[in-house]
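Subject: A structure for you to explore

Hi there,

Here is the structure I promised to pass on to you. Have a look around it first, and then read my notes below.

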Amino acid sequence: MSSVVVITGSAGLIGSEAVRHFAALGMDVVGVDNDMRGYFFGADGSTQWNLQRLTKEVGDRYTHHSIDIRDRDGLDRLFSGLGANIGLVIHAAAQPSHDWAAREPFTDFDVNAVGTINMLEAARRYAKDAPFIFTSTNKVYGDTPNSLPLVELETRWELPEDHRWYGGIDETMSIDNSMHSVFGASKVAADIMVQEYGRYFDMPTAVFRGGTLTGPGHSAAELHGFLAYVMRCVMEQRTYKIFGYQGKMVRDAIHSHDLITAFEAFHKAPRVAEIYNMGGGRFSNCSHIEAFKIAEEITGLEARTEYVDQNRMGDHQWWISGTGRFEEHYPDWKLTYDVPAILREIYEANQEVWKG
Ligand SMILES: NC(=O)c1ccc[n+]([C@@H]2O[C@H](COP(=O)([O-])OP(=O)(O)OC[C@H]3O[C@@H](n4cnc5c(N)ncnc54)[C@H](O)[C@@H]3O)[C@@H](O)[C@H]2O)c1
């Protein structure tokens with residue numbers, strides 16, 4: 001079996017978890033990351049610390065390339081060198097923030113959309129049969145989830161229990177006629193292209209549309225990294241700005257470990273041109289108010305929050321992923337982390353780094 005996995009965004013949250021996981025399974029991991037997160041979000045966002053940790057932990061099984069995914073020729077050289085040894089591609093490098101995308105739309109589109117077709121084309125030329133996994137986002141549905149008939153409860157917005165998506169929104173929600181934000185639109189372009197390379201070129205591609213992805217590998221920054229940033233603010237006694245919806249907007253959260261075991265399942269039994277909504281679902285979700293309450297319980301500290309009565313453009317008021325399609329295709333896969341477990345782990349992993 002081809003034993004190399006190429007992982008882009010390998011120093012980021014999802015990429016680094018994937019590196020560790022597949023290296024532990026005995027695969028050689030080739031990572032691509034140019035620390036562009038530091039450019040997007042400044043020093044808080046740089047993933048250099050994670051790369052150093054990773055290189056130390058994984059050792060010889062890991063080779064790093066600081067290639068920019070916008071560099072088509074650079075990717076072509078990398079893929080042509082590895083060729084048929086490539087058994088899996090995980091494309092997780094991206095510009096991940098709505099707010100940042102509006103500042104530099106060209107850069108956002110070049111990284112998210114053009115970077116993805118660069119990866120697909122390199123894979124088609126040199127590793128056509130290798131499963132190709134793309135980390136998309138629930139933002140491809142734009143603000144359509146906000147038209148759901150939500151009711152206001154004490155600490156959260158919620159769908160009525162008899163609603164067909166109470167258990168989570170599935171992949172039949174339309175991606176058209178909604179506001180996506182510039183970021184959401186560049187991810188739509190990439191998402192559709194990954195599906196197209198599956199259908200048109202018969203490649204084993206899969207699009208995972210993530211809700212909130214989280215875990216200890218997150219370089220928590222204000223513009224990206226919800227639960228890690230909640231915990232960081234409480235631990236460092238920084239003020240967290242909550243934007244709109246009374247702080248009751250609901251997110252489901254999936255730990256990077258649980259996402260990567262889903263990737264592993266797809267790798268073992270790939271399919272063509274799949275899309276999956278992927279998140280913590282009913283098992284793991286919270287509102288902002290609920291997240292702070294849990295973080296306060298874990299740390300014993302009081303959270304400092306400031307409410308801004310203006311929601312972010314295109315932000316979801318309520319999102320819980322319906323993971324039924326994936327579970328039907330891969331019945332052995334299970335979620336193992338809920339929100340308190342995720343927050344506790346972030347707390348424990350960062351005690352030395354985030355001090356008040
Ligand atoms: N974290 C979330 O909540 C979330 C939710 C839904 C979808 N996603 C998607 O999952 C994927 C991974 O997210 P993450 O949280 O691990 O992000 P991350 O920012 O932690 O990691 C992405 C990595 O990609 C690198 N990178 C960015 N631009 C690059 C470029 N041009 N060339 C090479 N490397 C580059 C960054 O330096 C960073 O290390 C992204 O596609 C993101 O859109 C994330």
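Which side chain is joined to that of Glu158 by a polar contact of 2.8 Å? The partner is Arg282. Before I go on, please keep in mind that this is a predicted model.

**Around Glu158**

Glu158 belongs to strand β7, which covers residues 157-158. With a relative accessible area of 7%, Glu158 is buried. Besides the contact with Arg282, the side chain of Glu158 makes a polar contact of 3.1 Å with the side chain of Trp318. If you leave out residues up to four places away in sequence, Glu158 touches Pro149, Leu150, Val151, Leu153, Tyr166, Arg282 and Trp318.

**The sheet of 7 strands**

You will find an open sheet of 7 strands in the order β3-β2-β1-β4-β5-β8-β12, with parallel pairing. At the edges are β3 (62-65) and β12 (274-278), each of which pairs on one side only. From one strand to the next, the twist averages 20°.

Zoom in on β8 and β12, which pair in the parallel sense over 5 bridges. Take Gly210 as an example: its bridge partner in β12 is Met278. Helix α9 packs on this sheet and touches β4 (86-91), β5, β8 and β12. The direction of α9 makes about 160° with that of β8.

Asn138 is worth a stop here, in the loop between β5 (132-137) and β6 (151-152). Is Asn138 buried or exposed? Asn138 is buried, with a relative accessible area of 4%. Apart from neighbours within four places in sequence, Asn138 is in contact with Arg209, Gly210, Gly211, His316 and Trp319.

β9 and β11 (residues 250-255) run parallel and are joined by 3 bridges. Within this part, Leu213 stands opposite Ile254 of β11.

**Aromatic rings**

How many aromatic pairs does the structure hold? There are 18 aromatic pairs. One of them is Phe40 with Trp100: the ring centres are 4.8 Å apart and the planes stand at 65°, and because an angle over 60 degrees counts as edge-to-face, so does this pair. Phe40 is in helix α2 (residues 36-41) and Trp100 in helix α5 (residues 98-103), so the pair ties together parts that are 60 residues apart in sequence.

Phe326 and Trp333 make another edge-to-face pair, at 5.3 Å centre to centre and 90° between the planes. Phe326 and Trp333 are buried as well. They also take part in one aromatic cluster, together with Phe208, Phe263, Phe266, Tyr276 and Tyr330.

Two arginines are placed over rings. Arg124 lies over the face of Phe201, at 4.2 Å from the ring centre. The charged end of Arg164 sits over the ring of Trp165, 4.0 Å from its centre.

**Two backbone angles to check**

Most residues other than glycine have a negative phi. Asp202, however, has a positive phi, near 55°. You can find Asp202 in the loop between α7 (181-201) and β8 (205-210), where it is exposed, with a relative accessible area of 52%.

Gln237 also has a positive phi, of about 55°, although it is not a glycine. Gln237 is in the loop between α8 (226-236) and β10 (239-243). With a relative accessible area of 23%, Gln237 is partly exposed.

Happy exploring!

Terms used: Residues are numbered from 1 along each chain as its sequence is written. This is a predicted model: local features need pLDDT of at least 70, side-chain atom pairs count only at pLDDT 80 or more; totals for chains, interfaces and linings use all residues. Side-chain values use heavy atoms; hydrogens and water are left out. Rings of Phe, Tyr and Trp (its six-membered ring) pair if their centres lie within 6.5 Å; planes under 30 degrees apart count as stacked, over 60 as edge-to-face and the rest as tilted. Helices (H or I, at least four residues) and strands (E, at least two) are DSSP runs, numbered from the N terminus. Buried means under 20% relative accessible area, exposed over 50%, partly exposed in between (1.4 Å probe, protein chains only). A charge sits over a ring if NZ of Lys or CZ of Arg is within 6 Å of the ring centre and within 35 degrees of the ring normal. Two strands pair if DSSP finds at least two bridges between them. A polar contact is a pair of N or O atoms within 3.5 Å; within protein, one must be able to donate a hydrogen and the other to accept it, and residues adjacent in sequence count only if both atoms are side-chain atoms. Contact means heavy atoms within 4.5 Å. Axes are lines fitted to C-alpha atoms, for helices over the stretch in contact, and angles run from 0 to 180 degrees between N-to-C directions.
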